[in-house]
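Here is a quick tour of the model, taken one topic at a time. Have the viewer open as you read.

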Amino acid sequence: MKSAVILAAVLMFTAVACRKPSDYPAATEEPFCDSVCLYRPGDYGSAKWRIPAILCLDDGTLLAVNDKRKYNYRDLPEDIDIVVRRSADNGRTWSEPETIIEGRGYKCGFGDPALVQCQNGDVLCVFAGGNGYWASSVAEPISVYVMRSTDRGHTWTGPEDITSVIWDGSTHHGAFVASGNGLCLRRGAHAGRVLFAAAACRNTGNQSDNYVIYSDDNGHTWQRSTQAYNLGDEAKLMELTDGTVLLSVRRNGARGYNRSADGGATWGNQGTWPEMQANACNGEMLRVDDTTLLHSIPNSMRREDVSIYESNDEGYTWHSPVLMVDGPSVYSSMTKMSDGSIGLYVEVGPDTNSSLYFYRFNMAWLRARQ
């Protein structure tokens with residue numbers, strides 16, 4: 001089911017058997033999976049690469065966005081750029097990296113990008129900047145910004161600071177939006193609403209809570225939800241077939257969840273998924289069709305073995321994790337592409353020295369390995 005592949009002199013892992021990109025079958029044909037490395041440590045003059053986000057736009061364009069950690073592997077407040085690569089052929093070929101926003105030194109960097117396409121076609125990139133999360137204060141904050149593209153990721157507006165929507169120092173001293181995908185609702189009374197999940201650090205106790213920020217005007221103005229999860233961390237959102245919004249929350253151990261019946265404004269009783277035991281790590285949820293949700297996350301209490309779980313009951317239970325990366329692996333993001341196949345953008349290797357890989361596979365391949 002797996003074969004050993006040497007990725008680089010400093011990095012070795014066991015992965016799925018791969019075809020050449022030119023050999024891709026159509027998504028509806030035989031089971032297939034392929035992978036290509038988009039960044040290795042040292043590429044394009046950068047020491048390290050982390051924090052993947054991937055999104056397929058309405059015209060089929062793929063945007064792969066991530067941190068360019070220029071001098072070391074560490075998080076903010078380090079000097080970090082956010083860069084994008086683009087694919088017009090479902091990940092077969094990729095453009096050279098372009099800078100969305102450039103860091104300007106210590107406490108002047110940017111990171112943890114999250115993407116969404118609004119109902120009007122605009123693409124939003126929400127990210128953090130400035131101080132570190134736990135060191136943040138009103139005087140020296142970690143800030144949350146949004147940039148907008150009206151031409152499907154070719155050009156971007158300047159950063160708009162929306163920090164005050166999430167925290168003001170009264171109960172929390174910092175916040176950031178989880179990298180990966182945001183959510184644009186397609187069903188019900190709140191269709192068109194744009195949402196991102198945020199973690200906010202309390203003023204006492206070095207603990208975090210989750211909130212959701214949402215916009216009903218394509219990201220021009222924002223509101224904050226009630227608390228969505230007590231003692232949570234990076235979180236992701238998914239719209240269910242009845243219009244309920246599902247929240248999946250990073251925890252060490254059983255993955256956390258909550259649900260909202262009013263488009264993410266207020267939240268119910270939080271719980272955990274005992275069948276999804278994982279290291280405290282960021283992952284992604286993806287809707288494949290009306291009966292299938294996927295979730296990427298390490299299937300381990302360490303940062304290793306990124307796998308994909310499936311749910312066929314709208315996220316009440318998860319089953320049949322399929323191993324994607326055997327060995328050290330960390331954050332991941334997923335998107336459904338224009339040909340129906342799935343794209344996975346994932347950190348392969350330890351978070352101190354990871355490479356960023358793009359996987360393309362179909363559901364026939366995934367089901368054959370469950």
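## A sheet that reaches back to the start of the chain

Two strands count as paired here if DSSP finds at least two bridges between them.

β3 runs antiparallel to β28 (residues 355-361), and six bridges join the two.

## Two separate cores

F361 turns up again in the largest nonpolar core, which has 21 residues. Along with L294, M324, V346, Y359 and L366, F361 touches the most other members. Who supplies this core? At least two residues each come from β3, β22 (284-289), β24 (306-311), β27 (342-348), β28 and α2 (363-368). β27 gives the most, with four residues.

There's also a second, separate core, this one of 20 residues. Its members include C118, V146, I162 and V194. As a general point, nonpolar side chains in soluble globular proteins tend to be buried together.

## Cysteines without partners

How many disulfides does the model have? The count comes to zero, with sulfur atoms needing to be within 2.5 Å to qualify. Take C118, a member of the second core: the closest cysteine sulfur is in C184, 6.2 Å away, which is too far for a bond. C118 has 3% relative accessibility, so this residue counts as buried.

C201 is another case. For its sulfur, the closest cysteine sulfur sits 19 Å away in C108, so that pair is too far apart for a bond. And is C201 buried or exposed? Buried, with a relative accessible area of 0%.

## Another four-stranded sheet

A further open sheet of four strands has the order β18-β19-β20-β21, with antiparallel pairing. Its edge strands are β18 (235-239) and β21 (271-278), each of which pairs on one side only. Ignoring direction, neighbouring strands in this sheet are turned by 30° against each other on average.

Within this sheet, β18 and β19 (residues 245-249) run antiparallel and are joined by five bridges. If you want a landmark, L237 has L247 as its bridge partner in β19.

Which loop holds N230? The one between β17 (223-224) and β18. N230 is partly exposed, with a relative accessible area of 30%.

Leaving out residues up to four places away in sequence, N230 touches R202, S208, D209 and Q270. S208 lies 22 residues from N230 along the chain, yet their C-alpha atoms are separated by 7.4 Å.

The mean pLDDT of the protein chain is 93, and 92% of its residues reach 70 or more. The stretch to watch is residues 1-22, where pLDDT stays under 50. The model does have 47 contacts for that stretch, counting those beyond four places in sequence. Where pLDDT is low, though, the predicted coordinates should not be read in detail.

Conventions. Residues are numbered from 1 along each chain as its sequence is written. This is a predicted model: local features need pLDDT of at least 70, side-chain atom pairs count only at pLDDT 80 or more; totals for chains, interfaces and linings use all residues. Side-chain values use heavy atoms; hydrogens and water are left out. A nonpolar core is a set of buried Ala, Val, Leu, Ile, Met, Phe, Trp, Tyr and Cys residues joined through side-chain atoms within 4.5 Å. Buried means under 20% relative accessible area, exposed over 50%, partly exposed in between (1.4 Å probe, protein chains only). pLDDT is the predictor's confidence in each residue, from 0 to 100. Contact means heavy atoms within 4.5 Å. Axes are lines fitted to C-alpha atoms, for helices over the stretch in contact, and angles run from 0 to 180 degrees between N-to-C directions.
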